[in-house]
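Please look over the structure below before reading on. Keep it in view while you read the report.

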Amino acid sequence: MAKAFFRLQKFLRRTQFLLFFLTAAYLMAGSLLLLQRTRLVIQQGSRGTPANQALPVLEDMTRVGIIDPGTLQSPRPGPRLLVGMDALQEPALDQRHSPHWLMSRNSELRQLRRRWFHRFPSEQEPLQTAGLKAMKHTIEHKGTYMGCFTHDSRERTLKGAVFYDLRKMTVAHCQEACAERAYSYAGLAYGAECYCGNTLPAAASKPEECNSECKGEKGSVCGGVNRLSVYRVEELRAGARRRRNVIYRGCFRAPENLTDTFPASLIQPNLTVEMCSEFCSKKEFPLAVIRGQECYCGYPTGHFPLRDGADRLHCSGARNASSAAEGKYCLVYQTPVQDTRCTDRKFLTTKSKVFVALSSFPGAGNTWARHLIEHATGYYTGSYYFDGALYNKGFKGEKDHWRSRRTICVKTHESGKTEIEMFDSAILLIRNPYKSLMAEFNRKYAGHLGYATDRNWKSQEWPDFVNSYASWWASHVLEWLKYGKRLLIVHYEDLKQSLIPKLKEMVEFLNVTVTEDRLLCVENNRDGNFKRSGAKQKNFEPFTQEMKDLINRYILTVDEALRRRNFSGLPREYVPR
C-alpha cells in the first residue's frame with residue numbers, strides 16, 4: 001500500500017512540474033508574438049511630448065520619411081497609437097542607371113515601412129437621446145442657440161467659411177471663427193465641422209436629432225448626421241475681435257452686361273469698399289465689384305474669370321461718377337465669404353480601376369496639390385502615410401487605407417522599385433530643390449505652417465539635412481522616371497503660375513470631367529489651409545557654395561534624365577545659381 005502511494009506521489013510531482021513548464025512556455029511564446037507584432041508604442045501625454053524629449057526612434061523615422069514631420073512637431077495632446085513595422089531588405093540599386101552618390105538615400109528610405117494605423121482614436125458614439133437633456137447649448141457660449149436644422153453638405157444653407165477640427169472642435173471655437181469673419185450664424189455638424197453664414201437655415205429639425213457630442217468639449221452638442229446646431233453670434237460680448245477679411249483682387253475690364261453677370265447689385269451714393277463688401281457678404285457672395293456708385297456681387301465665371309488684370313491706373317477713379325460713365329473698368333474685392341461651388345468632396349462610390357500616385361519629394365507642395373485636386377474633382381485624395389494634422393483640416397482620405405482605391409489618387413514620397421510599380425500611373429510633382437529643401441526643413445522643425453528658427457538654420461542640423469536630403473530629391477525623380485508606368489510631370493512653379501491650364505491637365509490625367517466654374521472656384525480658393533503665414537526668415541543665404549555645388553549637380557542630372565525621356569526639362573529658374 002505504501003509503495004503504491006509513493007508511486008502516485010511521484011507521478012503527481014512530475015505532472016505538476018510538466019504543467020508549470022508548459023504554462024511558462026505558453027506565456028513566453030505569447031510575449032514574443034506580441035513583441036513581434038507591435039514594435040513601437042507612441043504615447044503622447046495629456047500635455048503632449050516636447051520635441052526635445054521625443055523618443056529616439058522618432059528622429060530616425062522622420063529622416064526616412066515614414067511619418068510626416070508635421071505630425072511629430074505638434075505639442076497638442078494626441079492619442080495612443082500602436083504601429084507595427086518590419087524592416088525590409090534593401091535591394092541594391094542598379095549602378096548602370098543611378099549615380100553612386102544617389103544610392104545611400106534610398107538605402108535609408110526603405111529600412112522601415114509604414115503600416116496602417118489599425119484604428120484612429122475611437123470615434124465618439126452619438127449621444128443617446130435620453131442624455132440630451134443633460135447637455136446645455138449655452139454653457140459659457142457667447143452666442144444664442146437657435147436650434148437644430150437640416151444640413152446638406154452639397155447644398156449648404158450656411159454658405160460661408162468652413163472649418164474642420166476632427167479632434168478638438170468646440171462650440172466656442174466655431175463661434176469665434178465665424179464671428180471674426182463677420183458672419184451672423186455659426187453651425188456645427190458631425191461633432192467636428194463648423195459652418196458659417198448670414199442666413200438662418202430654413203428647414204428645422206427635431207432637437208433630439210442634433211445628438212453628436214463635440215470632439216473637444218464633453219457635454220456640448222455639435223450637430224449630428226446631416227444636422228446643424230446653429231448659434232447666432234451677433235451678440236458677442238464686448239471686446240470680441242471681428243475682422244473683415246476684404247482682399248483687393250485687382251482692376252479688371254468690366255463685362256458688357258454686369259446685371260447678367262452678377263446676381264446681386266446695389267446703387268449707393270458715396271459708395272465705399274466697406275459698404276459694398278458688407279452688402280455682398282450678407283448676400284453670401286465671394287466677390288464685391290465696384291464701378292462708380294454701383295456695387296455688384298457674384299462669383300468668378302467664364303464671362304468674368306479674373307485672369308487678365310488691367311493696370312491699376314485704369315481704376316484710379318473707378319469709384320467716381322465720371323469714371324462710371326465710361327463703364328470700362330471695375331475694382332474687384334474678395335469678401336470673407338467662401339466660394340462653395342467646389343467645396344463638396346466625397347469618396348469614390350466604386351473602387352478605382354486605375355491606382356494613381358501623387359508623388360513628390362517632401363516640401364514640393366504635395367499637400368497643396370491635393371487641395372487643388374480634391375476641390376477640382378470633388379473626390380478625396382489618399383495618403384501612403386497618416387498625418388493627423390491634415391486629417392483634422394479636412395483631408396479625410398488620410399484615415400482611409402491607402403490601398404482602398406476609394407480615393408482619386410494617393411500621396412507618396414516613396415521611390416523604391418517595388419513601391420513605384422504598385423501604382424498604375426502617377427502625377428510626379430517636382431519643385432526647385434532649393435525651395436523644397438527649405439520648405440521641408442521648416443516643416444521638420446516648425447510644422448506645416450511655421451518657420452524654423454535662426455538657431456536651427458545656423459546649427460549643424462542644416463548642413464547635415466542638406467547633405468542627407470539633397471540626393472533624395474534627385475533619386476526620387478530618377479527612380480520614378482525609371483520605374484513609373486505612366487507619368488504626368490508637373491512642375492510646382494508652372495502650377496503656381498498657370499493654375500487653371502495645369503490643373504486641367506492633372507484632372508484629365510485622372511480621367512475626371514469638371515466644369516469651368518468649378519475650376520474657377522478652385523482658383524478662388526487656391527491657397528487652402530496650409531499656406532505658411534507670419535514672420536518669415538530674414539533675408540539671408542542659407543546655402544553655402546559647397547551646398548550649391550552639390551545641389552547643382554543633382555539639378556543637371558535630373559534635367560538630363562527628363563529630356564532623355566522626352567519630357568520638358570526643368571524650368572529655367574532651376575538653373576544653377
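## Overall make-up

The model is predicted. The protein has 18 helices and 19 strands. Of its 577 residues, 51% count as buried.

Contacts across the sequence matter for reading this model. Take the contacts with a separation of 6 or more: 77% of them join residues 24 or more positions apart.

## The largest nonpolar core

In soluble globular proteins, nonpolar side chains tend to be buried together. Here the largest nonpolar core has 43 residues. Those with the most contacts inside this core are Ile430, Leu437, Trp462, Trp473, Trp480, Ile551 and Leu570. Five elements each supply at least two residues: the strands β18 (425-430) and β19 (487-491), and the helices α12 (433-446), α14 (461-483) and α18 (545-564). Helix α14 gives the most, with 13 residues.

Which residues does Leu437 touch, leaving out those up to four places away in sequence? They are Phe361, Trp462, Phe465, Tyr469, Ala470, Phe543 and Ile551. Another core lies apart from the largest one. This other core has 28 residues, among them Leu348, Val356, Ala369 and Leu488.

Leu570 lies in the segment after α18. Is Leu570 buried or exposed? Its relative accessibility is 10%, and the cut-off for buried is under 20%, so Leu570 counts as buried.

Leave aside the neighbours within four places in sequence. Leu570 is then in contact with Ile430, Trp473, His491, Ile555, Val558, Asp559 and Leu562. Asp559 is 11 residues from Leu570 in sequence. Their C-alpha atoms are 5.5 Å apart in space.

## Helix α9

Helix α9 covers residues 366-377. At 1.5 Å a residue, its 12 residues should span 16 Å. The end C-alpha atoms of α9 are 16 Å apart, which agrees. After α9 comes Gly378, with a positive phi near 85°.

Ile373 is buried, with a relative accessible area of 0%. Not counting residues up to four places away in sequence, Ile373 touches Leu358, Gly378, Thr381, Ile408, Cys409, Ile427, Met506 and Leu510.

## How α9 meets α16

Two packed helices are described by the angle between their axes and the distance between the axes. Helix α9 and helix α16 (residues 499-509) pack at an angle of about 75°. Their axes are 11 Å apart. Angles of 65 to 115 degrees count as roughly perpendicular, so α9 is roughly perpendicular to α16.

From α9, the contact is made by Trp368, Leu372, Ile373, Ala376 and Thr377. From α16, it is made by Leu499, Leu503, Met506 and Val507. By class, the contact has eight nonpolar residues, one polar residue and no charged residues.

## Helix α17

Helix α17 spans residues 516-524. Seven of its nine residues are buried, so α17 is largely enclosed by the rest of the structure. The buried ones are Arg518, Leu519, Leu520, Cys521, Val522, Glu523 and Asn524.

What covers these buried residues? The cover includes β10 (247-253), β12 (287-291), β14 (329-334), α9 and α16.

## Two residues with positive phi

Asn226 is not a glycine, yet it has a positive phi of about 60°. Asn226 lies in the loop between β8 (217-221) and β9 (227-232). At 33% relative accessibility, Asn226 counts as partly exposed.

Leu306 is also a residue other than glycine, and its phi is positive, near 60°. Leu306 is found in the loop between β13 (294-298) and α8 (321-326). At 11% relative accessibility, Leu306 counts as buried.

Definitions and conventions
Residues are numbered from 1 along each chain as its sequence is written. This is a predicted model: local features need pLDDT of at least 70, side-chain atom pairs count only at pLDDT 80 or more; totals for chains, interfaces and linings use all residues. Side-chain values use heavy atoms; hydrogens and water are left out. A nonpolar core is a set of buried Ala, Val, Leu, Ile, Met, Phe, Trp, Tyr and Cys residues joined through side-chain atoms within 4.5 Å. Buried means under 20% relative accessible area, exposed over 50%, partly exposed in between (1.4 Å probe, protein chains only). Helices (H or I, at least four residues) and strands (E, at least two) are DSSP runs, numbered from the N terminus. Contact means heavy atoms within 4.5 Å. Axes are lines fitted to C-alpha atoms, for helices over the stretch in contact, and angles run from 0 to 180 degrees between N-to-C directions. Angles under 35 degrees count as roughly parallel, over 145 as roughly antiparallel, 65 to 115 as roughly perpendicular and the rest as oblique. Ala, Val, Leu, Ile, Met, Phe, Trp, Tyr, Cys and Pro count as nonpolar, Asp, Glu, Lys and Arg as charged, and the others, Gly among them, as polar. The expected span of a helix is 1.5 Å times one less than its number of residues.
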